[in-house]
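This report walks through a two-chain model, starting where the chains meet. Look at the structure first, then read on.

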Amino acid sequence: MNFKKSQIALLLLGWLISNAAFAKLDILACEPEWRSLAELLGGDKVDVTSATTAFQDPHHIEARPSLIVKARNADLIFCTGAELEIGWLPLLLTKSANPRIQASQLGNFLASNQVELIEKPATLDRSQGDVHAAGNPHVHWDPYRLLKIAEAFSERLKRIDAANKDYYQQRYSAFASRWNESIDKWESLATSLQAKKAIVYHKNWSYLLNWLEVEIIGDLEPKPGIPPTSAHLADLLTNTNYNKPDVILIANYQDKKGALWLSKKSGVPILELPFTVGGSKAADNLFTLYDDALSRLNQIR
Amino acid sequence: MKYFRLLSYLILPFGIVLKVSANPANPDVSFILDGFYKTEDTALSKRGRSFGLGHTELSLQSAVDDRFIGKLTTVLESHDGETEVELEEAFLNTVGLPLGLDIRAGRFLSQVGYLNSHHTHSDHFAERPAVYRALLGAHYFDDGLRINTLLPTPFFWRIGVETFKGNQLAGGEGDESVGVYTFNTKLGGDISVSNSWQFGASYIRHKLKVMEEEHEGHDHGHSHNAGYSAEKLYMLDAVWKWAPLGNARNRQLILSAEYIYADDLNEYATDDDTHEGWYASLVYRFRPQWAVGIRQGEVELKQAHDDHFHDQTLEETDLMVSWSRSHFSTIRLQYSRQQGVGFENVKDSVSLQYVMSIGAHGAHEF
């Protein structure tokens, strides 16, 4: 009997050790762009899920039971920060009761903490809409900032999972050189876009349009977080007739009513872009997301 | 005057606080303004006829250190020209304990049922359902200790126990050191990307000796205490939410229902003397700013009169439409129909209500 017991114990021990050695790092990304980046950098050493899809507005998510379970299991969370997830992430962290991913722990990684943000409001006043004190959080649309975030995230992977340090370094080097090559390609594709004018739905395209030197002449939302009103749309129409924008840009998850009205009245075409990975058929990782967006933007005449 | 002093302490830092989100010097501050006009006094209601203020709330929350969160919520309510300040929440909560453990101590809202742990300003109707108003004093909070654990199952399964002093529930008096125990479990998950659900069961054991109660009708409620007592309460709750592709920004449908059964009302109660009630609510936000809802509910009560009971029943139907300019403001029009036996003021009413949240961004609880 004793022999049997020790045999079982040995088996169990072996199973535990092998589990620990081969267990993948469980990463919960708040948005699909970070899921894609974590997959690109972590390769087969990580298991990544995303809390939201490309069709969900990341401002308006509830800390629902299934997300609490995902957060409980995670070794590392990869989120935007800068108050983008303020309505649900703090609640998710508390309710998950997971010590690894709490603020200030190694398992808590926020993209917005790695780079400078643009559009920091000079004054904070809710009459200006739902503005983010830390600045514009939609940072994955600047390829240079994204590279910095990738570098910082790779460093974090190495610290959490030191056994696979070399592997992560290799993945990052490969990613960085491919990304830099792609930036050159995208920039050469985008030369015809310079000095074009756009109307956007929300401030979520600022990084992309700044990078491509497209001018933003108006927002469909009268204030951030407030859906288009008829009075505001009428003002925009006047603005449109005067400023002659080339395109109305909307994200795949945004309500199209206001954009359709303005387009019909002004004759300015609507261009729908995937906002993040999974937002269009072609955009299945960060590279193809940028490829798809750039090729769509090139339709602007 | 002491209220004013307390208030000024709480309000003064506000101007500074709004500039940045929570940090050691500046906790998250939020306040809620809730006001209404109602056409009638109605049964089991604390909201009287004419203009009035509901739950005016001032709340501070912050991380204490890396292991604790602290929260303080004060509520101001005015009745008959008097303003009362009440502490609704003053608790600490642990952060990231091992084994999925989560401990809360101090004064807090009990987690029984579905609505009870939610703040009233996030409700979809002007008042809590009749069964909540009668048996839980609209929302049951008390001084005590909670221990929860999240079980390591592939779906959401939480079990928890709370112990309370107990004098916020009806009729409680006595020298028990722990007056109320609650047991609660919640299960939940996603059926698909568009559909999520949660199911809960709770048990409340009230150990304090039940004293004779105030009669409804006399009680236009200064206290938060529930109006009807029982030694044992059993609760079931279920919630289902739908949003196209899970994007609650534009459209969302919320179906929720609860059932409460209470027995052992007092020493004279026979097996037939029980309280019972339920509600079911359907709310549909059909555009980002607009929502409509219908709620049906019923409660059957036994009002204690010395050694016997009088039957009371109240059936309520509520219809509401609400508009939210932004995430932070809501204006609601509600029609409530009451039918009942054994109550004064069983009347139909129309309410116009506003709920404004200022300051820190509220949490999107399921």
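B:Glu365 and A:Lys95 meet through their side chains in a salt bridge, 3.3 Å from N to O. A salt bridge here is a side-chain nitrogen of Lys or Arg within 4 Å of a carboxyl oxygen of Asp or Glu. Chain A and chain B share 4 salt bridges. The side of chain A that touches chain B draws two or more residues from each of helix H3 (65–73) and helix H4 (89–96) of chain A. H3(A) gives the most, with 5 residues. Helices (H or I, at least four residues) and strands (E, at least two) are DSSP runs, numbered from the N terminus.

This is a predicted model: local features need pLDDT of at least 70, side-chain atom pairs count only at pLDDT 80 or more, and totals for chains, interfaces and linings use all residues. Residues are numbered from 1 along each chain as its sequence is written, chains are lettered from A and ligands numbered from 1 in the order in which they are written, and side-chain values use heavy atoms, with hydrogens and water left out.

**The interface as a whole**

How many residues of chain A are in contact with chain B? The count is 39 residues of chain A, against 49 residues of chain B. Contact means heavy atoms within 4.5 Å. The size of an interface is often given as the accessible area lost when the parts come together. Here the two chains bury about 3600 Å² between them, 55% of it on carbon and sulfur atoms. That area is the accessible area (1.4 Å probe) that two parts lose on being put together, summed over both.

There are also 17 residue pairs in polar contact between chain A and chain B, both residues at pLDDT 80 or more. A polar contact is a pair of N or O atoms within 3.5 Å; within protein, one must be able to donate a hydrogen and the other to accept it, and residues adjacent in sequence count only if both atoms are side-chain atoms. By class, the side of chain A that touches chain B has 16 nonpolar, 13 polar and 10 charged residues. Ala, Val, Leu, Ile, Met, Phe, Trp, Tyr, Cys and Pro count as nonpolar, Asp, Glu, Lys and Arg as charged, and the others, Gly among them, as polar.

Buried means under 20% relative accessible area, exposed over 50%, and partly exposed in between (1.4 Å probe, protein chains only).

| Residue | Partner | Distance |
|---|---|---|
| A:Ser66 | B:Asp190 | 2.6 Å |
| B:Asn93 | B:Asp102 | 2.8 Å |
| B:Asn93 | B:Arg104 | 2.6 Å |
| A:Asp292 | A:Ser280 | 2.5 Å |

A:Ser66 sits in helix H3 of chain A. At 12% relative accessibility, A:Ser66 is buried. Beyond four places in sequence, A:Ser66 is in contact with B:Gly189 and B:Asp190.

B:Asn93 lies in strand S5 (residues 82–94) of chain B. Its relative accessible area is 1%, so B:Asn93 is buried. Residues up to four places away aside, B:Asn93 touches several residues, including A:Thr94 and B:Phe68.

A:Asp292 belongs to helix H10 (residues 286–297) of chain A. A:Asp292 is buried too, at 11% relative accessible area. Not counting residues up to four places away, A:Asp292 touches A:Pro274, A:Ser280, A:Ala282 and A:Ala283.

**Cores and an enclosed helix**

In soluble globular proteins, nonpolar side chains tend to be buried together. A nonpolar core is a set of buried Ala, Val, Leu, Ile, Met, Phe, Trp, Tyr and Cys residues joined through side-chain atoms within 4.5 Å. The largest one has 62 residues, of which A:Leu37, A:Phe78, A:Phe175, A:Trp179 and A:Trp205 touch the most other members. Helix H6 (residues 165–189) of chain A gives the most to this core, with 8 residues. Another core, of 35 residues, lies apart from it and includes B:Val131 and B:Phe309.

Why is helix H2 (residues 32–42) of chain A largely enclosed by the rest of the structure? Because 9 of its 11 residues are buried. A:Leu37 is one of the buried residues of H2(A). Those buried residues pack against elements of chain A including strand S1 (25–29), helix H5 (143–160), H6 and H10. A:Gly43 follows H2(A), with a positive phi near 55°.

**Chain B overall**

Chain B has 3 helices and 19 strands. Of its 366 residues, 48% are buried.
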